[in-house]
Amino acid sequence: MVVSTGMKVSCNFCLLEELEEGQNGVGDSIVNWGLEDDEDMTLTRWIGMIIGPPRTNYENRIYSLKQNSYSIEVVLQELRCLMMSKENIKLPQPPEG
């Protein structure tokens with residue numbers, strides 16, 4: 001349970017809110033997330049995607065991942081920041097396919 005302003009809110013409501021943000025797009029829509037199966041009423045199987053930042057070796061690539069210990073948005077935003085870091089920005093990438 002999550003406590004907010006003295007009220008207890010079910011984790012399902014938090015997940016529904018996070019799902020809505022991911023489906024509607026937040027920010028520049030370069031980071032997206034949602035349910036693996038739209039019929040998953042238990043909200044347990046999530047997917048995430050990042051579009052590589054421009055002017056990096058990640059540009060025009062799509063990266064997909066699954067993560068369940070942190071919010072999907074936080075994980076994807078952090079990965080995108082790591083892609084743009086000075087240490088990683090010019091790293092060679094494996095061939096597509």
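Strand β3 and strand β4 (residues 46–51) run antiparallel and are joined by five bridges. Two strands count as paired if DSSP finds at least two bridges between them. Within this pairing, Asn 32 stands opposite Met 49 of β4.

This is a predicted model: local features need pLDDT of at least 70, side-chain atom pairs count only at pLDDT 80 or more, and totals for chains, interfaces and linings use all residues. Residues are numbered from 1 along each chain as its sequence is written, and side-chain values use heavy atoms, with hydrogens and water left out.

**The overall plan.** The protein has two helices and five strands. From the N terminus on, their order is β-β-α-β-β-β-α. Helices (H or I, at least four residues) and strands (E, at least two) are DSSP runs, numbered from the N terminus. Contact means heavy atoms within 4.5 Å. Among contacts between residues at least 6 apart in sequence, 45% join residues at least 24 apart.

**Surface and cover.** The accessible surface comes to about 7100 Å², and 55% of it belongs to carbon and sulfur atoms. Areas come from the Shrake-Rupley method with a 1.4 Å probe; for residues, only the protein chains shown count as cover. Buried means under 20% relative accessible area, exposed over 50%, and partly exposed in between. Of the 97 residues, 25% count as buried. Strand β3 (residues 31–35) is mostly covered, with four of its five residues buried.

**The core.** A nonpolar core is a set of buried Ala, Val, Leu, Ile, Met, Phe, Trp, Tyr and Cys residues joined through side-chain atoms within 4.5 Å. The largest one has ten residues, including Val 31, Trp 33, Leu 35 and Tyr 58. Elements β3, β4 and α2 (72–83) each give two or more residues to this core. The largest share, three residues, comes from β3. Leaving aside neighbours within four places in sequence, Val 31 is in contact with Met 49, Leu 76, Gln 77 and Arg 80.

**The aromatic pair.** Rings of Phe, Tyr and Trp (its six-membered ring) pair if their centres lie within 6.5 Å; planes under 30 degrees apart count as stacked, over 60 as edge-to-face and the rest as tilted. By this rule there is one aromatic pair. The rings of Tyr 58 and Tyr 63 have centres 6.0 Å apart and planes at 70°, so the pair is edge-to-face. The two residues have these relative accessible areas:

| Residue | Relative accessible area | Class |
|---|---|---|
| Tyr 58 | 7% | buried |
| Tyr 63 | 22% | partly exposed |

How values were computed
Buried < 20%, exposed > 50% of the residue type's maximum accessible area, 1.4 Å probe, protein only.
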